[in-house]
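Welcome! Have a look at it first, and then we can go through it topic by topic.

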Amino acid sequence: MQWLGLDWDEGPDIGGPYGPYRQSERFDLYREWAHKLVEEGFAYEDHSTSEDVERERELARSEGRRPDHRAVAERAARDGQPSIRFIVPPDRTMTFHDEVLGDISTDLGRTPDFVILRADGTPTYMLAVTVDDVAMEISHIVRGNDLMASTPRQLLLREAMGVKDVPVFAHLPLIVDDKGKPLSKRWGDVSVAAYRDQGFLPEAMLNYLALLGWSLDDHTNIFSMDEAIAAFDLARVNKNPAAFDVTKLEWINGHYIRAKTPEELAHDLVPFCVAEGLAADTDEGRATLATVAPLLTERMKRLTEAPPMIRFLFERPAPDDKALKALENQAEYLGAVATALETIEKWTTAEIEAALRALAEERDLKPKKAFQPVRAAVTGTLVSPPLFESLEILGRDETLERLRSAI
RNA sequence: GGCCCGGUAGUCUAGUUGGCCAAGGACGCCGCCCUCUCAAGGCGGAGAUCACGGGUUCGAAUCCCGUCCGGGCUACCA
């Protein structure tokens with residue numbers, strides 16, 4: 001979250017007026033509430049074993065009724081620590097308003113009594129979250145749609161706790177994979193850090209994520225966090241799940257990469273180059289990065305694409321297969337190229353280009369025919385940043401040496 | 001099984017009060033242009049019976065009913 005530039009006003013790390021913020025430090029509070037609810041008749045102690053509960057559930061399903069956990073509890077043996085189960089009144093319909101889904105009604109006649117405190121004294125999600133929401137005076141509950149079905153039970157708990165006011169609820173659509181299965185932090189490849197390591201920019205990530213389930217208007221794709229905040233409205237959030245599409249994320253990422261200054265890009269690239277073994281974290285390396293950055297900016301969708309493109313600036317490349325092929329029978333020509341470059345007055349892109357084009361003209365070579373062998377000799381590949389600029393950055397001596405060693 | 005929610009092109013979406021939608025934008029895809037490669041950029045194109053079937057209406061993606069499909073909940077998971 002910090003990488004994304006998202007921050008929070010209260011929390012275990014920075015404190016705040018409603019602490020403690022770690023559930024394990026609030027266990028006493030949960031236990032107090034659970035016992036209070038028992039005393040007031042909203043819940044009961046349950047000594048049933050999990051087998052008892054399981055059996056009742058099966059039976060209830062086969063009979064088409066809701067499980068009667070209370071009846072089972074009354075028959076259960078009395079030894080051991082009990083769990084505490086909350087009583088769900090069967091003859092009610094719970095209705096609440098959701099900012100994104102609208103009005104939702106649930107017939108509680110189908111909702112079984114549920115455990116709020118486990119036999120080991122720890123609270124279930126249902127109790128903990130409700131106690132916390134009340135104690136911390138939470139005004140807006142915005143969460144994933146997967147938690148929507150738990151809302152009526154939480155509302156019931158609030159009532160039993162004697163809380164009159166109801167927070168604003170908003171259930172956001174889930175993000176799903178390309179097969180439509182919900183992404184989950186429990187099964188997933190999905191931690192933001194993974195995207196950072198894959199070469200995505202935080203601003204691109206934020207922009208893309210905002211587009212999942214929401215849109216600024218009918219045509220804007222690129223916007224800053226500030227613009228999103230200014231325009232955001234829960235009522236315009238979509239109800240249906242959205243598939244995570246890395247390809248579109250890449251397009252957005254490319255956009256933000258292009259928007260960077262060479263200095264910024266060079267800075268961002270350092271760790272990725274170092275990870276690939278390039279000596280980028282030195283004064284010389286950083287200077288090299290700063291000079292190539294302008295050539296890279298419009299050729300990248302992810303920062304991880306940079307190292308392979310600029311490796312030739314840091315070390316002598318071993319030509320790949322295609323480069324090797326392009327170098328066949330080019331010895332004489334490459335020699336002429338070297339000679340032409342040798343006599344250039346100033347080693348600049350413009351002069352390098354002029355010299356190479358003149359040579360191509362003289363030999364009646366199409367540009368592609370003329371330049372690809374040079375590219376292969378110098379960069380070891382057929383795909384690289386623009387050639388003349390690359391040669392300028394590489395320097396005359398190194399360029400000439402590579403040309404000659406390719407002969 | 002029961003309860004709840006959802007369903008516009010491969011994908012993200014516009015569409016909230018029915019007519020301006022024989023459905024708009026974007027990613028991706030295809031083609032052309034530019035061009036030293038790859039990109040970026042420009043231009044153009046294909047791609048949606050608005051899940052399906054009924055109904056209401058002069059008129060429905062938008063309202064109603066049913067069906068199908070997907071997901072969530074139905075846990076002493078969260």
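Which residues touch the most other members of the largest nonpolar core? They are L341 and L403, in a core of 71 residues. Please keep in mind that this is a predicted model.

**Nonpolar cores**

- L403 is in contact with L334, V337, A338, L341, V374, A377 and V378, once its neighbours within four places in sequence are left aside.

**The open sheet**

- Three strands form an open sheet in the order β1-β2-β5, and their pairing is antiparallel.
- The edges are held by β1 (43–46) and β5 (114–117); each has a single partner strand, so one side of each is left without a neighbour in the sheet.
- From one strand to the next, the twist averages 45°.
- Between β2 (residues 83–86) and β5 there are 3 bridges, in the antiparallel sense. To find this pairing on screen, look for R85, whose bridge partner in β5 is V115.

**T111, in a loop**

- The loop between β4 (102–107) and β5 holds T111.
- Is T111 buried or exposed? Its relative accessibility is 13%, so T111 counts as buried, the cut-off for buried being under 20%.
- Leaving aside neighbours within four places in sequence, T111 is in contact with R66, V88 and R153.

**The largest pocket**

- The largest pocket holds about 1,900 Å³ of space.
- Its lining is made up of 36 residues, and those nearest the pocket's centre are R143, G144, L172, P173 and I175.
- Elements giving two or more residues to this lining are β6 (140–144), α6 (192–197), α7 (202–211) and α8 (225–231).

**A336, in a helix**

- Helix α14 (residues 331–342) contains A336, which is buried with a relative accessible area of 16%.
- What does A336 touch, not counting residues up to four places away in sequence? Its contacts are L359 and R363.
- A336 and L359 are 23 residues apart in sequence, and their C-alpha atoms are 8.2 Å apart in space.

Technical notes: Residues numbered from 1 in each chain as written. Chains lettered and ligands numbered in written order. Predicted model: local features only at pLDDT ≥ 70, side-chain atom pairs only at ≥ 80, totals over all residues. Heavy atoms only, no water. Core = buried A, V, L, I, M, F, W, Y, C linked by side-chain atoms within 4.5 Å. Buried < 20%, exposed > 50% of the residue type's maximum accessible area, 1.4 Å probe, protein only. Contact = heavy atoms within 4.5 Å. Pairing = 2+ DSSP bridges. Helix = DSSP H or I, 4+ residues; strand = E, 2+ residues; numbered from the N terminus. Axes fitted to C-alpha atoms, helices over the stretch in contact; angles between N-to-C directions. 1 Å grid on protein atoms, 1.4 Å probe; cavity = no way out; pocket = protein on both sides within 12 Å on 5 of 7 lines; lining within 4 Å. Points joined across faces, edges and corners; volume = space filled by probe spheres on them.
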